[in-house]
Amino acid sequence: MPFGEIFGAVIFLIVIVIFGNIWYSIVDSILEKIKYKLFGKNENTAWHTLDEEKFEKKDN
Amino acid sequence: MGFFSKLFKGPEIDMEKSNLNAKKMRTLFNQVVPDGDEYKLIFGYTEDVSRFNFGFVHGSKTKIGNLIVGWNEEKETIIVVPTVPDLSGCGDATYYRRNEILKAYRNKYPTDAFIIYPDKKGYIGINAYDWLEDEKLYVYVSQEKELAEFTDFFMNRYATK
């Protein structure tokens with residue numbers, strides 16, 4: 001097999017992989033947006049950031 | 001000699017980083033659990049594997065959820081607090097009291113996990129290891145002794161079958 005054909009096949013596979021990744025990202029983001037619109041944000045998502053003062057006291 | 005012995009020894013744990021993270025875990029846990037000091041802690045995680053088929057692209061997607069897991073032997077209670085790998089914050093605590101849950105057991109297949117069914121509607125599968133190197137996905141903490149204690153507690157005092 002000539003070098004040019006091997007190179008062409010590799011490039012073709014790379015293009016397919018890149019296109020597959022882009023396609024996955026697009027479809028996944030659309031589905032996430034639809035889910036968000038339909039079900040909204042989960043209300044049970046209280047978030048507590050690390051209390052640096054308490055952490056430092058524990059550290060000493 | 002020195003190079004090869006290091007090579008075969010495998011990755012070494014940064015104990016300074018591990019101890020710092022263990023303290024952060026304790027601070028976060030005590031922030032959301034009023035009597036937090038009564039609980040021993042380990043780090044665990046959940047895995048949510050979902051399959052997708054987007055036309056010619058299909059495969060599976062795994063979501064990892066980091067957890068601070070606290071347990072109290074006398075109270076026979078496990079508390080699970082969701083967190084993030086850098087321990088910058090945490091969510092609300094969920095209590096799993098042995099007398100309130102439906103069942104609990106240790107799963108061996110497909111993954112070695114501690115399974116708790118609070119009711120018939122759902123379950124939580126807690127995976128835990130001595131140490132996980134990937135800091136982007138998991139909390140960096142060495143917990144060989146704590147995990148052995150938790151396993152002993154879960155198998156001998158908490159599991160329902």
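Student: How much area do chain A and chain B bury between them?

Tutor: Buried area is the accessible area (1.4 Å probe) that two parts lose on being put together, summed over both. Here chain A and chain B bury about 1,800 Å², with 67% of it on carbon and sulfur atoms. This is a predicted model, in which local features need pLDDT of at least 70 and side-chain atom pairs count only at pLDDT 80 or more, while totals for chains, interfaces and linings use all residues. Side-chain values use heavy atoms, without hydrogens and water.

Student: How many residues does the contact take from each chain?

Tutor: With contact meaning heavy atoms within 4.5 Å, chain A gives 18 residues and chain B gives 24.

Student: Which side chains meet in a salt bridge?

Tutor: The term requires a side-chain nitrogen of Lys or Arg within 4 Å of a carboxyl oxygen of Asp or Glu. One salt bridge is counted between chain A and chain B; A:Asp28 and B:Lys61 form it, at 3.0 Å from N to O.

Student: Which element gives the largest share of the side of chain A that touches chain B?

Tutor: Helices (H or I, at least four residues) and strands (E, at least two) are DSSP runs, numbered from the N terminus. The elements of chain A that give two or more residues to this side are α1 (3-39), β1 (48-49) and α2 (52-59). The largest share, eight residues, comes from α1(A).

Student: In which sense do β1(A) and β4 of chain B pair?

Tutor: Strands pair if DSSP finds at least two bridges between them. β1(A) and β4 (residues 89-90) of chain B are antiparallel, over two bridges. In β4(B), B:Cys90 is the bridge partner of A:His48.

Key. Residues are numbered from 1 along each chain as its sequence is written. Chains are lettered from A and ligands numbered from 1 in the order in which they are written.
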